[in-house]
Amino acid sequence: MTLVPALRRVFGGGPFAEVGEPALAVADERSRTVAAAGNVGHLQWNGNGTADDGWTGHRIGVYDQDGLRCRHLVRSRYPVRTLAFHPVLPLLAAGTGRYDGGYCFEGELLLIRLDSGDAVSALRYPREVLDLQWAGATELRLVLAPCYDRENPAAHRQGHPVVVARPDWGAVGPARARPPFSSPVAAGRC
């Protein structure tokens, strides 16, 4: 006998249900879309508390402004700190990150194509992106957290401004991964 699942209740009814508890939203009049970021929470398994290995509840949704229909849903490894639509291209930049509780500030810069929903992580090394904004079609201004807080008592209050210029942000592909077994601290990066 095959067991058929039964629907008992619907979680997350309402706007932006796909991203869980919304924490951030920005609108883009040019593309008539809204981007929202949130957290759907942890998985719960009665046999072993929460299923934290490999699970992240952080989500970014791209919605139509009319009716808030979800076009794309992207998973993020880290909490989303900031979102910004590109002024010309169908592109959304998302800055993510967190303090790992030990000494590193880790995160990523996600570039999400609005036409396909494809996302790439554009930073070579994990780094918390505290803020970002487009400064025209070719420049992206970022505020990055320090790599780590070792021997830096002001690390939790600092941000490092960076301007990245690219002639075509739509052509940015995934960042090259770190070599296996490399130590981010030994390399001077987190």
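**Entry 1: confidence**

I began with the confidence scores: the protein averages a pLDDT of 82, and 78% of its residues score at least 70. The model is predicted, and I kept that in mind for each later entry. I then looked up the scores by element. Strand 5 has the highest confidence, at 98, while strand 7 (residues 98-99) has the lowest, at a mean of 91. Over residues 177-190 I found a pLDDT below 50, and this stretch has 18 contacts in the model beyond near neighbours in sequence. Where pLDDT is low, predicted coordinates should not be read in detail. I left the contacts of residues 177-190 at that count of 18.

**Entry 2: the whole protein**

I looked up the secondary structure next and found 13 strands and zero helices. How much of the protein is buried? Of the 190 residues, 36% are buried.

I traced an open sheet of four strands in the order 1-2-3-4, paired antiparallel. Which are the edge strands? They are strand 1 (21-28) and strand 4 (70-76), each of which pairs on one side only. On average, neighbouring strands of this sheet are turned by 20 degrees against each other, direction ignored. I noted that strands of a sheet pair through backbone hydrogen bonds.

Strand 3 (residues 58-64) and strand 4 are joined antiparallel over six bridges. Tyr-63 has Cys-70 in strand 4 as its bridge partner.

**Entry 3: the sheet with strand 5**

Another open sheet holds four strands in the order 5-6-9-10, again with antiparallel pairing. Its edge strands are strand 5 (80-85) and strand 10 (119-121), and each pairs on one side only. The twist from one strand to the next averages 20 degrees.

Strand 5 runs antiparallel to strand 6 (residues 91-96), and five bridges join them. A hairpin of five residues leads from strand 5 to strand 6. I picked out Val-80, whose bridge partner in strand 6 is Thr-96. Why is strand 5 largely enclosed by the rest of the structure? Five of its six residues are buried, so the strand is largely enclosed.

At the other end of the order, strand 9 (residues 109-113) pairs antiparallel with strand 10 over three bridges. There I found Leu-111 opposite Val-120 of strand 10.

**Entry 4: aromatic pairs**

I counted three aromatic pairs in the structure and wrote up two. The ring centres of Phe-16 and Tyr-63 lie 4.9 Å apart with the planes at 75 degrees, so this pair is edge-to-face. Phe-16 is in the segment before strand 1 and Tyr-63 is in strand 3, 47 residues apart, and the pair links these distant parts of the chain. Phe-16 counts as buried because its relative accessibility is 16%, under the cut-off of 20%. Tyr-63 is buried too, with a relative accessible area of 0%.

For Trp-134 and Trp-169, the ring centres are 5.1 Å apart and the planes stand at 85 degrees, so I recorded an edge-to-face pair. Trp-134 lies in strand 11 (residues 129-134) and Trp-169 in the segment after strand 13 (160-165), so the pair ties together parts 35 residues apart in sequence. I found Trp-134 buried at 13% relative accessibility. Trp-169 is also buried, with a relative accessible area of 3%.

Notes: Residues numbered from 1 in each chain as written. Predicted model: local features only at pLDDT ≥ 70, side-chain atom pairs only at ≥ 80, totals over all residues. Heavy atoms only, no water. Helix = DSSP H or I, 4+ residues; strand = E, 2+ residues; numbered from the N terminus. Buried < 20%, exposed > 50% of the residue type's maximum accessible area, 1.4 Å probe, protein only. Pairing = 2+ DSSP bridges. Axes fitted to C-alpha atoms, helices over the stretch in contact; angles between N-to-C directions. pLDDT = per-residue confidence, 0-100. Contact = heavy atoms within 4.5 Å. Phe/Tyr/Trp six-rings, centres within 6.5 Å; stacked < 30°, edge-to-face > 60°.
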